[in-house]
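Try each task yourself before you read its solution.

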Amino acid sequence: MIDKILEYQIPKWLVVILCVLPWLLGASIFIWILFLRFPLDGVFTVENNLTGNNAFIFPFLPAERTVLLDGREEGWKGQRLLDDPVYMNVMTPGPYESAEVEMDFRVLRQPLLEFGLVKDSAGKQLEMHPWYSEVLEQESWKAVSDKGGIKGYVSQGIPESRLTSDDTRGLAVWLASTTSPIMSDAWSDQRTVSALSLRGAHDFWVISADGKIYFKLVIQDVNRNRSGGVVAVQVLLNDVLVSQDAIGTSGSRDVGYGALTPVTIDLKDLSPGVYRIKVVADDDIFIRRVETNNRRWVVGPRLVIGDVVGYATTTQSLQAWTNARHIVVETFHKEGFQEISLGTAKGIIRRTHTPVRIDRMDEVVELVKINAPRGDVRVIADGYFGFDQGAFFEPQPRRLTASTLDSREGIEAVLTGYQRVEALGDGWMRAKYSFPISLDAGSLRFVLSAPGIASRAGAVDVKRVSVTFRRAPMDLQSWWELLIQEAKMAWRRIR
């Protein structure tokens, strides 16, 4: 080829350029791509409309909970989310310290959204954050800042100090840490006994009495296919571990129950406060009885009355006092079909594995009764449960949920770090949050939760997701060292 070029008397220097130019161009493009992928300023941004044409941001899954929209009818491209929860996978372009997610969305009959990062491969550890609240977007709520961030919101006419009050009545919390009120009772020599049938893990909240806590839980293992199980018991004050223990159960070796096993929590010299007794157990463990000298204690916000069908001719009914205004009830056996009342509100369970919402619409601020005459039901509430009206107290603020009706329920303030969304017009909104990530994270999984969206026949439309990765700026030397490190990691992955 070169000989033919020389026949036309083309200068040799031009021949060299023509031969080298493609290599220079290829090398330049490669270096340009490297600088895009590993920018010196430490900022890498990618965005997508979730239609599946992006190498970094993938559409929400599972597919049966979403609908892909091509824009021909709706006028915009993206995804419509119809059930809860959904997950979005994002590939990381390299070692970065944080990932800021920005989302353009709108809602239909969905008053609350939560968004977070999955922290473990099993998908059980979630770092969730407030994403959207129809209630807190109203002008009747005032944002209260604290050291540059949002500490919470107070209703119109309520002082900002309400957020730091020890009185949990009228106070709600949404994905924020809170300190339990400092409370104390007098010790009672009279021991109360409550016959229960609580199934699986539960949280008990108790006020120390003259610096003491005495609780005896009588547990029973009903699994006939194992020789025994393990129950873990932790006592915490403001999420700080005070005491812990693990107890083995005998299991069941015949057609009946296993042996009744007492678990005693006997603590002294405690500071005044509200303590949480956290019982960690699988659903084959039942708490049959509670004995205590502490005057005030409650359970919640999860409460499961276990079935005893097959072992007895009767079931344990649920009758308790509660401050909850919104509950979700569910049964896993046909024996649990029943009408459940929450004050004057009622709901009927007609199918297994089908959550039923019961919402109080009254303006009653006092305790009401919850009644499930046939038991065998799981209850998730925005409040707590007491089996004796005199023993009830509110250990923490009620949870802000998708069903909360703000001041109409007596709520005066909400503890939360929620940042109000940016209005984009035509119902579209923009929310964003920055998550710290591991430098060696090859991919990230985010979760978007829209509680109760299916029962409302609601939807969340998402037309744009942008992810900005950030790390410290680099000079050319550190940039080159980073490339070498990434090349070594890539080589190890393909070996």
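This is a predicted model: local features need pLDDT of at least 70, side-chain atom pairs count only at pLDDT 80 or more; totals for chains, interfaces and linings use all residues.

Residues are numbered from 1 along each chain as its sequence is written, and side-chain values use heavy atoms, with hydrogens and water left out.

**Exercise 1. The whole chain**

Task: state how many helices and strands the protein chain has, and what percentage of its residues is buried.

Solution. Start with the elements: the chain has three helices and 34 strands. (Both are DSSP runs numbered from the N terminus: H or I over at least four residues for helices, E over at least two for strands.) Next, burial: of the 495 residues, 46% are buried. (Buried is under 20% relative accessible area, exposed is over 50%, and partly exposed is in between, with a 1.4 Å probe and protein chains only.) Last, look at contacts, meaning heavy atoms within 4.5 Å. Among those with a separation of 6 or more, 77% are between residues 24 or more positions apart.

**Exercise 2. The largest nonpolar core**

Task: find the residues with the most contacts inside the largest nonpolar core, and the element that gives the largest share.

Solution. First the term: a nonpolar core is a set of buried Ala, Val, Leu, Ile, Met, Phe, Trp, Tyr and Cys residues joined through side-chain atoms within 4.5 Å. The largest one has 48 residues, with Phe-105 and Phe-469 making the most contacts inside it. Elements giving two or more residues include β1 (43–48), β5 (98–108), β32 (428–436) and β34 (459–470). The largest share, five residues, is from β34. Another core, of 47 residues, lies apart from it and includes Phe-204 and Val-377.

Now zoom in on Phe-105. Skipping neighbours within four places in sequence, its contacts include Leu-113, Trp-131, Trp-428 and Val-462.

**Exercise 3. Strand β33 and its partners**

Task: work out which way β4 and β6 run relative to β33, and how many bridges join each of them to β33.

Solution. Strands count as paired if DSSP finds at least two bridges between them. Six bridges join β4 (residues 86–91) to β33, and the two run antiparallel. Here Met-91 has Ser-443 as its bridge partner. On to β6 (residues 112–118): four bridges join it to β33, again antiparallel, and Leu-117 stands opposite Phe-446. As for β33 itself (residues 443–449), five of its seven residues are buried.

**Exercise 4. Two residues**

Task: decide whether Gly-383 and His-202 are buried or exposed.

Solution. Gly-383 is in the loop between β27 (377–381) and β28 (385–386). Its relative accessibility is 0%, so it counts as buried. Arg-398 is 15 residues away in sequence, yet the C-alpha atoms are 5.3 Å apart. Turning to His-202, we find it in strand β12 (residues 202–207). His-202 has 2% relative accessibility and therefore counts as buried too. Its contacts beyond four places in sequence include Ile-277, Val-279 and Leu-303.

**Exercise 5. The largest cavity**

Task: give the volume of the largest cavity and the classes of its lining residues.

Solution. On a 1 Å grid over the protein atoms alone, a cavity is a set of points where a 1.4 Å probe fits but cannot get out, and lining residues have an atom within 4 Å of a point. Points are joined across faces, edges and corners, and the volume is the space filled by probe spheres set on them. That comes to about 70 Å³ here. The lining includes Trp-205, Asp-239 and Arg-276, while β14 (230–237) and β17 (274–280) each supply at least two residues. By class, the lining has four nonpolar, four polar and two charged residues. (Ala, Val, Leu, Ile, Met, Phe, Trp, Tyr, Cys and Pro are nonpolar; Asp, Glu, Lys and Arg are charged; the others, Gly among them, are polar.)

Conventions:
On a 1 Å grid over the protein atoms alone, a cavity is a set of points where a 1.4 Å probe fits but cannot get out, and a pocket is an open set with protein on both sides within 12 Å along at least five of seven lines; lining residues have an atom within 4 Å of a point.
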